[in-house]
Amino acid sequence: MNMQTQQTDSMEIRRLLTEMDGLFDGYMAWLGGQYDAASGGFYYAASSKGLVNAEPDIESTAQALNILERFGLLINLPGGMRQGLVRFFQQKQDAASGYFYDANPLMRDDEVMVARAISYSRNALRKLGGQPLYPLPYEAQQAPAYMSSPESYLAWLQAIPLVNSWRGCDRLSTSSVYVEQVEPAERRADFARTAFDYFARSQDIHLGLWGEGSHYVQISGTFKLHIFYDRFHVPLPKEDRIYQSILYALRHEEAADMCYIRNPIHLLSYMKLDIPPHELREIIEITLANMKRLLRADGGFSRELAHSPTAPNVAQVKQGEYYPEMPQAVHIGGGKVEGDMNAGTQALLIRSVCYQLAGIEAPSLEASQHVWYANTKP
């Protein structure tokens with residue numbers, strides 16, 4: 001490729017990134033509309049406030065905190081708001097088990113939500129300068145039964161269906177929350193090695209992906225597993241084949257979910273491949289076009305093209321797809337064509353990663369945003 005072509009690609013990438021920045025012009029005002037000063041937390045969407053027994057949930061509040069951090073605003077949070085957020089997460093922790101639970105009892109029946117709530121709450125409290133009030137589940141000897149030994153862990157891993165890669169790999173990946181807590185380090189390494197050996201045997205040798213489903217579904221499952229690899233600083237195997245599968249999905253499948261836009265981009269940043277400039281330009285161009293389709297009039301982004309899903313915990317398995325023994329839906333939104341916290345936090349991450357892939361420092365979005373919490377009382 002000649003120098004002139006490379007320069008053209010570089011200029012076009014910068015133009016695309018600037019256009020992507022413009023998608024967030026009304027985003028901070030949208031975020032402020034989801035804040036609930038009484039509880040200290042954030043709602044998933046505007047329609048969430050109209051639900052019976054409505055209250056902010058753990059995932060949405062942790063995602064809002066991540067958004068504030070990406071805007072560079074976390075360090076300047078008013079004291080009262082910071083304290084309210086700390087209380088929000090602390091009050092979600094169960095004293096007996098150490099788990100963090102939302103008020104909706106159905107949340108406790110979704111193993112993915114339960115495991116994820118530990119990571120979300122622990123990381124949020126760390127960022128806010130707070131601490132859990134009680135020992136975490138493994139410390140309280142409340143880890144799942146499959147964590148009793150590497151052998152029982154392997155049996156559990158092998159029993160997880162991958163008929164829908166996204167859901168199945170999410171279940172596999174969330175077990176890393178418990179593996180990370182195992183002591184001593186030698187025993188923790190035994191559990192981690194058990195997982196990585198099993199993952200290596202399960203990976204498709206041609207696609208570099210795991211499980212079944214469309215390319216986007218399989219890429220989303222691979223993204224979920226990458227979280228496990230990342231937690232233990234291990235590179236993904238067969239990265240070159242994963243890359244080719246990502247290109248195929250971007251070029252040939254419809255990104256009907258914000259996760260289908262975020263997951264390939266996030267995988268590319270983790271793999272740290274040397275992407276040819278013309279392909280990076282194509283990747284960012286397709287990504288931007290897909291994001292535009294999910295931007296809503298309220299300034300936020302929807303998870304899905306049709307609407308914002310009412311229950312993100314079951315939104316991995318789409319109409320016409322199947323996964324055995326899915327948990328019951330935990331409804332946290334009204335299912336309207338509106339912005340939701342899940343999509344918004346992913347959209348900001350996509351922007352950050354696209355700049356990273358281009359080797360360009362992302363300009364701050366803060367200056368053009370109305371900081372809605374400026375008058376929050378301490």
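Glutamine 203 sits in the loop between α9 and α10, where helices are DSSP runs of H or I of at least four residues, strands are E runs of at least two, and both are numbered from the N terminus. The model before you is predicted: local features need pLDDT of at least 70, side-chain atom pairs count only at pLDDT 80 or more, and totals for chains, interfaces and linings use all residues. Residues are numbered from 1 along each chain as its sequence is written, and side-chain values use heavy atoms, with hydrogens and water left out.

Is glutamine 203 buried or exposed? With a relative accessible area of 5%, glutamine 203 is buried; buried means under 20% relative accessible area, exposed over 50%, and partly exposed in between, with a 1.4 Å probe and protein chains only. Its contacts, leaving aside neighbours within four places in sequence, are Gly208, Leu209, Trp210, Pro237, Lys238 and Ile242. Contact here means heavy atoms within 4.5 Å.

Two of those partners lead to the next region. Lysine 238 lies in the loop between α10 and α11, and its phi is near 55 degrees, a positive value in a residue other than glycine. Lysine 238 counts as partly exposed because its relative accessibility is 29%. The loop between α10 (215-231) and α11 (239-252) also holds histidine 233, which has a positive phi of about 55 degrees although it is not a glycine. Histidine 233 is exposed, its relative accessible area being 70%.

Ile242 belongs to the buried residues of α11, which are Glu239, Ile242, Tyr243, Ser245, Ile246, Leu247, Ala249 and Leu250. What covers these residues? The cover includes α10, α12 (258-271) and α13 (277-292). As for its length, α11 has 14 residues and reaches 20 Å from its first C-alpha to its last, close to the 20 Å expected at 1.5 Å a residue; the expected span is 1.5 Å times one less than the number of residues.

I turn to α12, where cysteine 259 is found. Cysteine 259 counts as buried, since its relative accessibility is 8%. Apart from neighbours within four places in sequence, cysteine 259 is in contact with Trp166, Ser220, Pro264, Arg303 and Gln346. The C-alpha atoms of cysteine 259 and glutamate 279 are separated by 21 Å, and these residues are 20 apart along the chain.

Next comes helix α14 (residues 341-358). Why is α14 described as largely enclosed by the rest of the structure? The reason is that 15 of its 18 residues are buried. At the start of α14, a side-chain oxygen of aspartate 340 comes to within 3.2 Å of the backbone nitrogen of asparagine 342. Just after α14, glycine 359 takes a positive phi of about 70 degrees.

Asparagine 66, in helix α3 (residues 58-70), touches Tyr120, Lys127 and Thr345, not counting residues up to four places away in sequence. Its relative accessibility of 23% makes asparagine 66 partly exposed. Asparagine 66 and isoleucine 261 are 195 residues apart in sequence, yet 18 Å apart in space, C-alpha to C-alpha.

In helix α1 (residues 3-22) we find aspartate 9, which counts as buried at 4% relative accessibility. Which side chain does the side chain of aspartate 9 meet in a polar contact? The partner is the side chain of arginine 281, at 3.1 Å. A polar contact is a pair of N or O atoms within 3.5 Å; within protein, one must be able to donate a hydrogen and the other to accept it, and residues adjacent in sequence count only if both atoms are side-chain atoms.

A cis peptide bond joins glutamate 183 to proline 184, with omega about 0 degrees.

Finally, the second largest pocket has a volume of about 310 Å³. Of the 17 residues that line this pocket, the closest to its centre are Asn53, Glu55, Asn104, His331 and Ile332. A pocket is an open set of points on a 1 Å grid over the protein atoms alone, where a 1.4 Å probe fits, with protein on both sides within 12 Å along at least five of seven lines; lining residues have an atom within 4 Å of a point. The volume is the space filled by probe spheres set on the points, which are joined across faces, edges and corners.
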